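Student: Please take a close look at a single residue here, and then at the helices, in one connected account.

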Amino acid sequence: MSVLTRDEAQTRAKLLDVHRYTIDLDLTTGDETFDSRTVIRFTAGTDADTFVELKPAELHSATLDGHPLDPGTLDGNRLPLKNLTAGEHELRVEASMRYSRTGEGMHRFTDPTDGETYVYTQLFMEDVQRVFAAFDQPDLKAVFELTVKAPEAWTVLANGITEQLGEGRWRAAPTPLISTYLVAVAAGPWHSVRTEHRGLPFGLHCRRSLAPYLDPDADELFEITKQCYDRYHEKFEEPYPFDSYDQAFVPEFNAGAMENPGLVTFRDEFVYRSAVTDAERQTRAMVVAHEMAHMWFGDLVTLRWWDDIWLNESFAEYMGYQTLTEATRFADTWTDFGVVRKGWGYDADQRPSTHPVAPENVDDTASALLNFDGISYAKGASALRQLVAWLGEKDFLAGINTHFARHRFGNATLADFIDSLASATDRDVHAWADAWLRTTGVDTLRPVVTPGEDGTCTLRVERDGSRPHRIAVGLYDQDVADEGRHLTLRARLDFDVPQSEPHPLGKRPTLLLLNDGDLTYAKVRFDDESFEALRAGLSGLPEPLTRAVVWNALRDAVRDGELPPTAYLDTARAHLPHETDLALVQGVLAFATAQIAGRYLTPDERPAALATLTSLCRDLIRRTEDGDNPGLRLIAVRHFIDVAAQPDTIAAWLADGTVPGGPELDPELRWRVLGRLAVLGATDETAIAAELDRDPSATGQEGAARCRAALPDADAKARAWEAMFATDDLSNYLFTATATGFWQPEQTELVRQYVPRYYEDAVAVAARRGPAIAEAAGRWAFPVYAVDTETLRLGETCLSQADPIPALRRKLVDQLDDLARALRVREG
């Protein structure tokens, strides 16, 4: 298959004006393929040759202006259109297309709970070609008219309001001008909950088997949706541009969600079958807010080419968090951003695969697909937060509204956006963009405190990097009444970095914290006195966002080899029992468990780390015995299970069906316990099969696959490896579940033989099954716990000799860099 290059896209955009797609899909032709008929009406500006893209199981016929084209000329995914003349044209294509099992194109899923089947599209980047013929690039927008034939018991959802025509046929209202990758269809016996807001139909949709779990949350989901909708209409002068707002929770979805106009698709793990924390509900709400922001950033105004992915994702990320904070009960979302998303951006930006937020070298679609990462999301959103701090929200929103007015239902570039912002301010936005959006890497800010007379001091901020920063510096004094366990904010000073001269602080504060409030994107360090104050008083800092900045700084220091991993664990042991913010507790425990105990400490050091984490989780469980904080208790119970070094306690929980004092073990906790027992060799296939009988759902199937792969048994490992790499039967979710069970730090000797096999087999499966499985193989199936130089050498050899497809190559580059970092941390 040929990837589309930027040069080809620019040439075709100059040639063609695409008016309308009329698409007819027949979903009743069997389990493997569906029929696709497409009529494209377009104008050619000059006489020329071009091509249309499709990836059919079989191309039945194609006609251009009534003249048949030879199906045999289809070359990979390109059907040539030769000798076009200037003027109006009509292209008709009829083909059979394959259903997907990997979340790409038209994904087909049969629910193991009740046997019902569902299909939905995910057409991002190049996957529209798996569903219908298209001039597949974002700047050839068109109107899409869609009809679908489906089994009579099904409902069909699409970008526009759908109507049932009879005999299983459905018609969707024509769309406004949208890009090909934003077309959406979801069909099946959906359970639907509907309402109306400001005259617009709103809908929530899920599999029938999830109806008992969606219904109790429908009011919350609608409330969040309406609150965000109203707030965006206060911010944006351009009204919501589509005729309805449906949110469909679909199975085996690769992303968190997709911003299809009028029909947002979400992974259906957001329909909670088991207990969740309020932090997890906040995450779901943020995804709702993020995707709705895309209706303007991405759908109304769309990037011209994929080098401006950030114009979609960074804006939706920033707007999602900010709008959730302003409009909903989730008023502390930037703490979650600091804990969860910033680390994702910092890590990505320090790897060899880093790229600017707005790169200039995205030459083709395969390269573009790699840039949906922590830089395009978290770093870009952080840059926008810094821009708002520097520019002011009033001018920022004025520039955005100018941008919408200039480019509505069209396409825009970074230059267009900067020009819109510049029209609203006297500041040099172009220089800001060059410094923030065209550069790579993370700046590091360090305080230099110089003592003066009479106990006073001055502050100079050293910057390792090149970007300008507007930050707040928090000055905290010790509360002598409780021996320094609490730190009181004396002042929060606004600083511009670089400084022209040192800033007087008055009396030396106990703690000096750079980037207090987390308004910029930079690593921060502490002077010696401040670090000592934090060792005693971190949990006593008054605001969770302040504590998030500190925990991120400690995390970065561990990764950079400046703080021993055991010091991070000791700090967590001392302060996490007193933490109140759920996102912070979850984030610190996750890093301590997966990275410190799992990778940064040696196998000989791991038992002590697990003992520390077990003790910490036990303290949190005891602290929550009164039932006042069920979310904190749930987090503690989950992590107690994950770090259990002995099976007795958690096996007793499973046998009793409850943790003493609660919670009862719901399906998620039961599979979590069984997975840990499998790692420890304290369960077997009989118990796994019995649990699957108890929970035969899709998530139960995944849980069983994970448990079976985790068993410390040579035959179990061989079967798991065969399933992942020797056959192509596993769906994307079952592949991931198997991969996450396979590698365990307790089983490094058992699976050592698979480390050299991984590279060859991953390259092969990625080539066969494509980018989604390649990403899963690189992310989840990589031998992360084989922290040794031989694993690194084998990987480097693979990159130099095996030529993995781009999606796998990027993952391997990142994994090997993380592996090298872990080796450096171990060496101290």
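Tutor: His-407 counts as buried, because its relative accessibility is 15% and buried means under 20% relative accessible area (1.4 Å probe, protein chains only). His-407 lies in helix 9 (residues 393–407); helices are DSSP runs of H or I with at least four residues, numbered from the N terminus. Leaving aside residues up to four places away in sequence, His-407 touches Leu-300, Val-301, Ala-412 and Asp-416, where contact means heavy atoms within 4.5 Å. The model is predicted, so local features need pLDDT of at least 70 and side-chain atom pairs count only at pLDDT 80 or more, while totals for chains, interfaces and linings use all residues. Residues are numbered from 1 along each chain as its sequence is written, and side-chain values use heavy atoms, with hydrogens and water left out.

Burial also describes helix 13: 16 of its 16 residues are buried, so helix 13 is largely enclosed by the rest of the structure. Helix 13 (residues 544–559) reaches 22 Å from its first C-alpha to its last, close to the 22 Å expected, the expected span being 1.5 Å times one less than the number of residues. Just after helix 13, Gly-561 takes a positive phi of about 75°.

Next comes a helix pair. Helix 4 (residues 278–294) and helix 5 (residues 309–327) pack at an angle of about 125°, with their axes 8 Å apart; axes are lines fitted to C-alpha atoms over the stretch in contact, and angles run from 0 to 180 degrees between N-to-C directions. The contact includes Ala-285 and Met-286 of helix 4 and Ala-316 and Leu-324 of helix 5.

Conventions:
Helix = DSSP H or I, 4+ residues; strand = E, 2+ residues; numbered from the N terminus. Buried < 20%, exposed > 50% of the residue type's maximum accessible area, 1.4 Å probe, protein only.
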